[in-house]
Amino acid sequence: MTTSIAINGTVANNTVISETLISRSLSAAEYNSTHEAMLARTLQRIAVKKEQGLRSPDELWIVDHNDVYTLGQASKKEHILQHTTTPIIQTDRGGQVTWHGHGQLVIYWLFDLHSLDWSVRHLVSHAEQAIEDVLNDCLKATQPNAAVSTNTISAHARRDAPGVYLYSNAGPDTDTDKDNTIMLGKIASLGFKIKHGFSYHGIALNINCDLAAFNAINPCGYAGMQMLRIADFISMTDSIDDAVANGANKNSNESDKSLSYEQVTQKLIDNIAQRHAGLIELRAIGTK
């Protein structure tokens with residue numbers, strides 16, 4: 001049995017993915033109220049497991065946030081370079097300062113790590129590799145000759161800096177240490193909080209957002225870090241309505257490789273759900 005979550009008087013749209021995983025969708029979400037609801041839900045799940053010995057379904061919260069800068073527990077305020085009208089909120093996740101807003105996909109992972117037999121390292125690696133999988137699938141579809149191209153774009157995580165980055169001249173299965181490989185920038189960030197073996201917070205993937213918001217900060221604490229978005233590397237449809245129509249059009253030109261925000265979102269949810277079910281195993285973690 002799942003419970004409904006109401007935030008600012010709006011009930012989240014729930015989808016049952018499996019007996020042990022559900023998703024909740026929130027649009028135009030204010031950060032503070034969303035965080036309060038996410039923490040309350042996590043504490044409720046902890047209590048149910050501790051007091052009744054019951055495992056509640058894990059949850060993916062698919063969130064479209066209103067503009068906000070958030071500071072992780074270790075954040076340094078000097079990484080805020082310019083104060084704007086966008087709220088700046090201290091929160092309890094790991095990591096430094098980042099931005100959330102429309103056109104960016106945020107997914108919060110409310111997982112019982114002990115029931116999954118995952119360590120924190122497993123959680124982080126599954127998150128990074130899920131993003132890698134989806135991005136490389138999308139990029140491959142728009143680079144039909146990638147196998148023979150001398151200038152391919154691919155997504156990779158780094159061991160020394162959490163998140164997912166885009167590289168030029170590095171295929172999905174190639175070593176990013178190659179001499180001719182160039183890191184273009186960061187396209188996805190992550191930051192989790194673990195409480196009594198339960199995770200919350202999660203990942204943020206830039207799809208078609210306005211990257212100018214990152215100019216006011218050192219993203220994730222890295223001065224000069226170039227932030228990227230999917231829309232600059234593949235063709236994106238302009239609206240959800242266009243995306244639905246485009247996906248349903250069986251007569252569309254085969255060369256039309258455009259994707260929608262909605263389609264990218266569903267690809268990522270599907271990949272995470274398969275990992276949650278144990279159907280996708282972790283790959284070996286590289287040195288970078």
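Arg229 counts as partly exposed, with a relative accessibility of 23%, where partly exposed describes the range between buried (under 20% relative accessible area) and exposed (over 50%), as found with a 1.4 Å probe on protein chains only. Asp232, at 47% relative accessibility, is likewise placed in the partly exposed class, and Asp232 and Arg229 form a salt bridge in which the closest N and O atoms are 3.1 Å apart. A salt bridge is here a side-chain nitrogen of Lys or Arg within 4 Å of a carboxyl oxygen of Asp or Glu. The model is predicted, so that local features need pLDDT of at least 70 and side-chain atom pairs count only at pLDDT 80 or more, while totals for chains, interfaces and linings use all residues. Residues are numbered from 1 along each chain as its sequence is written, and side-chain values use heavy atoms, with hydrogens and water left out.

Side chains of opposite charge can pair when their charged atoms come close, and the structure holds 12 salt bridges. One of them joins Glu132 to Arg283, with 2.7 Å from N to O; this pair links distant parts of the chain, since Glu132 belongs to helix α3 (residues 120-142) and Arg283 to the segment after α5 (261-276), 151 residues apart. Helices (H or I, at least four residues) and strands (E, at least two) are DSSP runs numbered from the N terminus. Glu132 is buried at 10% relative accessibility, whereas Arg283 is partly exposed at 35%. A salt bridge also connects Arg275 with Asp133, the closest N and O atoms being 2.7 Å apart; because Arg275 lies in helix α5 and Asp133 in helix α3, the pair ties together parts that are 142 residues apart in sequence. Arg275 is buried, with a relative accessible area of 1%, while Asp133 is partly exposed at 23%.

Aromatic side chains were examined next. A pair of aromatic rings is described by the distance of the centres and the angle of the planes. Rings of Phe, Tyr and Trp (its six-membered ring) pair if their centres lie within 6.5 Å, and planes under 30 degrees apart count as stacked, over 60 as edge-to-face and the rest as tilted. By this rule there are four aromatic pairs, among them the tilted pair of Trp109 and Phe111, with 5.2 Å from centre to centre and 55° between the planes. Trp109 is buried at 0% relative accessibility, and Phe111 is also buried at 0%. Ring pairs link Trp109, Phe111, Trp118 and Phe192 into a cluster.

In soluble globular proteins, nonpolar side chains tend to be buried together. A nonpolar core is a set of buried Ala, Val, Leu, Ile, Met, Phe, Trp, Tyr and Cys residues joined through side-chain atoms within 4.5 Å. The largest such core has 40 residues, and those with the most contacts inside it are Trp109, Phe111, Leu205 and Leu268; helix α3 provides the largest share of this core, nine residues. Leaving aside residues up to four places away in sequence, Leu268 touches Leu105, Ile107, Ala130, Ile131, Val134, Ile203 and Leu205, contact meaning heavy atoms within 4.5 Å.

Thr181 is situated in the loop between β11 (164-168) and β12 (182-195), and Thr181 is buried, with a relative accessible area of 13%. The C-alpha atoms of Thr181 and Thr152 are 9.8 Å apart in space, although the two residues are 29 residues apart in sequence.
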